[in-house]
Amino acid sequence: MDNGDRSGAGAGAVGSAGSLGLRVGQAVFSSASLLFMSVGVEFFSYTAFCFLVTIMGLVIPWSCTLAMIDVYSVLVGCPLRVPGVMVIVVVGDCALSIVSFAAACSSAAVIDLLLQFHGSHCSPRFCGRYQLSAMMAFLSWFLMAASAIFNLWFIASRW
């Protein structure tokens with residue numbers, strides 16, 4: 001593998017510094033979404049919020065595991081290019097991207113519905129935290145979708 005292949009062609013693909021940045025961002029935004037939704041807030045009253053908490057709870061270990069692989073690959077200087085592993089990463093990223101988008105959208109819809117009732121079902125403190133949680137979930141989804149696209153593009157360009 002030549003030097004150009006390691007540094008530029010797979011920017012954002014698993015095993016690169018770009019992927020590490022995306023994974024850290026996913027983990028941070030997912031953790032923030034989970035914390036805003038679950039700490040001191042009664043999220044379990046709404047199914048959409050339970051769905052969001054569950055999905056963010058899945059995104060965090062997925063992103064952290066792949067971030068550790070990225071750290072190892074960057075430090076060793078040997079990017080991960082095993083076709084079977086890359087397919088698993090793409091399938092996992094795509095699946096989590098779809099369900100995290102669904103969770104963020106459903107939570108945002110419930111928040112909008114609660115706000116339509118002029119706060120009678122949601123105190124300003126709780127609604128504000130729900131909104132922050134949904135916003136963090138959308139940011140996490142955006143980075144997850146970017147990871148899926150970069151890895152899919154890398155697979156398509158190599159095999």
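This is a predicted model: local features need pLDDT of at least 70, side-chain atom pairs count only at pLDDT 80 or more; totals for chains, interfaces and linings use all residues.
Reader: Which pattern does the protein follow along the sequence?

Author: The protein has 5 helices and 0 strands. Its C-alpha atoms fill a box of roughly 65 × 25 × 20 Å along the principal axes. Read along the sequence, the pattern is α-α-α-α-α.

Reader: How many residues apart are Phe49 and Tyr130, and in which helices do they lie?

Author: The structure holds 5 aromatic pairs. One of them joins Phe49 and Tyr130, with 4.4 Å centre to centre and 40° between the planes, a tilted arrangement. Phe49 belongs to helix 3 (residues 47–76) and Tyr130 to helix 5 (residues 124–158), so the pair links distant parts of the chain, 81 residues apart.

Reader: Is Tyr130 buried or exposed?

Author: A residue counts as buried when its relative accessible area is under 20%. Phe49, its ring partner, has a relative accessible area of 0% and is buried. Because Tyr130 has 3% relative accessibility, Tyr130 is buried.

Reader: Which residues do ring pairs link into a cluster?

Author: Tyr130 also forms a tilted pair with Phe126, at 6.5 Å centre to centre and 40° between the planes. Phe126 and Tyr130 both lie in helix 5, 4 residues apart, about one turn of the helix. The cluster linked by ring pairs consists of Tyr46, Phe49, Phe126 and Tyr130.

How values were computed. Residues are numbered from 1 along each chain as its sequence is written. Side-chain values use heavy atoms; hydrogens and water are left out. Helices (H or I, at least four residues) and strands (E, at least two) are DSSP runs, numbered from the N terminus. Rings of Phe, Tyr and Trp (its six-membered ring) pair if their centres lie within 6.5 Å; planes under 30 degrees apart count as stacked, over 60 as edge-to-face and the rest as tilted. Buried means under 20% relative accessible area, exposed over 50%, partly exposed in between (1.4 Å probe, protein chains only).
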